[in-house]
Structures are given as structure tokens and as C-alpha cells.
Amino acid sequence: MSTKASVRKTSAANSREHSVDEIAEKISAAILEHRLAPGTKLGEDRLAAIFATSRAKVREVLARLAHEQIVELVPQKGAFVAKPTIEQAQDVFEARRLIEPGVLRRLVRTLDDVKRQRLRRHIDLEAEARSRDDKRAIVRLSGEFHVLLAELAGNSALARSMRELSALTCLIISLYDAPTATSCRADEHEEIVAAVNRGDAQRAEKLMLHHLDHIEQSLKLDSSAEEADLESVFS
Ligand SMILES: [Zn+2]
């Protein structure tokens with residue numbers, strides 16, 4: 001599917017005026033579900049027409065997404081879906097290795113029945129998405145799992161950082177992964193949750209570090225990596 005087609009497809013359901021929140025959410029979802037490739041130009045006029053809104057509102061949306069680092073604003077050229085470099089990608093994984101073990105330690109300390117249920121529910125949603133081979137849902141839920149851990153751990157600063165890192169990881173996977181691969185292995189989230197439920201923080205941390213290694217290893221982040229084949233991502 002061409003990028004133009006995917007932008008138009010987004011417009012199908014838009015007949016009334018949307019809020020900044022709604023438009024930001026729709027564009028963000030299209031990027032994080034890999035329907036809009038990194039580097040895609042996000043023209044103000046086209047987006048204003050698609051969402052039947054003003055350019056001023058579109059600019060506000062783009063500024064917000066730029067703040068979340070999934071959109072890049074280039075002076076004189078406009079807005080583009082962010083395209084992290086290999087160095088930035090490696091920085092993201094280094095940050096995640098530092099943050100996520102701490103998230104799990106905090107989560108194990110504060111775990112209660114409500115949190116257990118939220119984790120169970122999420123694992124079930126991931127399994128359902130995999131059973132119907134819904135690739136968009138799998139990609140989205142994989143990222144959301146890590147954000148959920150940080151939210152349930154109860155530290156708002158960590159949760160905010162994790163949201164940003166998860167979104168960047170999603171872009172990185174879109175750029176540097178094989179087109180058919182997904183970000184997270186099927187069984188690894190479940191193993192992490194099982195360790196958390198047992199109160200075994202050490203095991204959970206270890207599993208998380210392995211999990212992050214697996215994601216990073218599945219990408220082509222060595223210096224010899226060429227430009228990713230973006231078209232094939234949408235084929
Ligand atoms: Zn994962």
C-alpha cells in the first residue's frame with residue numbers, strides 16, 4: 001500500500017470536526033501501527049483536508065507529536081514522521097535496559113489484585129491478536145505492554161519516559177526490522193508476568209533484559225545496515 005493510499009484510508013471515517021486529541025491519536029496510531037512509514041511527509045494542507053479542520057489545529061497536533069518525538073519538524077520543509085538514526089536506536093535500547101528493570105522491581109513491590117488482573121487482561125489481548133494474526137494489533141499491544149508495566153509500577157515520570165521510548169522503539173522496528181517480524185516474542189511477556197506474579201523481581205528483571213536483547217538483535221543496527229526497504233513494510 002502506498003503512503004498516499006494509507007493517508008486517504010485514514011480519512012474515510014472523518015466526517016465531523018475532530019479535537020486536537022483525536023487527530024493526534026489517529027496520526028499517532030497510524031505511525032505506531034506502521035501504516036505511515038518513517039520519513040513520510042505530513043503536509044498541513046492535506047491533513048487539514050483529511051480531518052476537515054484548520055491548518056492551525058493541524059500545526060498544534062504536529063507540535064504535540066513532535067514533542068513526543070514521533071514527528072520531526074524541519075524548518076522551511078514541514079513535518080515528517082520521525083526517522084531515528086542507528087545511533088538514536090541504540091540509545092533507546094540502552095535507556096530501556098536501565099529503566100525497565102527498575103519498573104519491574106517497583107511493580108513487584110506494589111503488586112495487588114487489580115494490577116494482576118490488568119496484566120492478565122493484557123496478556124489475553126495479545127494472545128487473541130496473535131491467534132487472529134492481526135499484525136497491527138500485535139505491534140500496538142507489544143508496545144503497550146511495556147507502557148502498562150510502567151503505569152502499574154506507579155511512577156508517573158517512569159511511565160512518561162516509557163511511553164516515549166516505546167513509541168520510538170516502534171518507529172525503530174518499522175525502519176530496521178524485517179517487514180514481517182513483530183517487536184516482541186509471543187511467550188516472553190507471559191514469562192515476565194509469571195515472574196512478577198510470583199514476586200520474583202530478580203527473575204523478572206533478567207527476563208526483561210533478555211527480552212530487550214532479543215528485540216535489539218532482531219534489528220539490523222550494525223553500521224553496515226543500509227536504508228530499510230520501506231515499501232516492503234507496506235506490501
Ligand atoms: Zn515486549
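**Notes from the model**

I started with L42. Leaving out residues up to four places away in sequence, I found that L42 touches L36, L47, L62, V71, A79, F80 and V81.

Before going further I reminded myself that this is a predicted model. I looked up the confidence: the chain has a mean pLDDT of 85, and 85% of its residues reach 70 or more. Residues 1-14 have a pLDDT below 50, and I noted 20 contacts for this stretch beyond near neighbours in sequence. I also marked residues 224-230, where pLDDT stays under 50 and the model has nine contacts beyond four places in sequence.

**The core**

Next I asked which residues touch the most other members of the largest nonpolar core. L42 came up again, together with I27, I31, L107, L119, L149 and V196, in a core of 63 residues. Helix α8 (residues 156-176) gives the largest share of this core, eleven residues.

**Helix α9**

V196 sent me to α9, where it is buried along with E188, H189, I192, V193 and A195. I wondered how these are placed around the axis, and the arc they cover is only 160°, which puts them on the same side of α9.

I took a second look at E188, which belongs to helix α9 (residues 188-197). Is E188 buried or exposed? Its relative accessible area is 9%, so with the cut-off for buried at under 20%, E188 is buried. Setting aside neighbours within four places in sequence, I found E188 in contact with H211 and H214. After α9 comes G199, and I wrote down its positive phi, near 80°.

**Salt bridges**

How many salt bridges does the structure hold? I have 17 in my notes.

One of them joins the side chains of D213 and R97, at 3.3 Å from N to O. This pair links distant parts of the chain: D213 sits in helix α10 (residues 201-217) and R97 in helix α5 (residues 86-110), 116 residues apart. D213 is partly exposed at 26% relative accessible area, and R97 is partly exposed at 27%.

R97 also forms a salt bridge with E216, with the closest N and O atoms 2.3 Å apart. Here too distant parts of the chain are linked, R97 in helix α5 and E216 in helix α10, 119 residues apart. E216 counts as buried, since its relative accessibility is 18% and the limit is 20%.

I then checked D133 and K135, a salt bridge whose closest N and O atoms are 3.3 Å apart. Both ends are partly exposed: D133 has a relative accessible area of 49%, and K135 has 43% relative accessibility.

My last entry is a network of salt bridges that links E33, R35, R140 and E144.

Methods: Residues are numbered from 1 along each chain as its sequence is written. Side-chain values use heavy atoms; hydrogens and water are left out. pLDDT is the predictor's confidence in each residue, from 0 to 100. Contact means heavy atoms within 4.5 Å. Helices (H or I, at least four residues) and strands (E, at least two) are DSSP runs, numbered from the N terminus. Buried means under 20% relative accessible area, exposed over 50%, partly exposed in between (1.4 Å probe, protein chains only). A salt bridge is a side-chain nitrogen of Lys or Arg within 4 Å of a carboxyl oxygen of Asp or Glu. The arc is that of the directions from the helix axis to the C-beta atoms. A nonpolar core is a set of buried Ala, Val, Leu, Ile, Met, Phe, Trp, Tyr and Cys residues joined through side-chain atoms within 4.5 Å.
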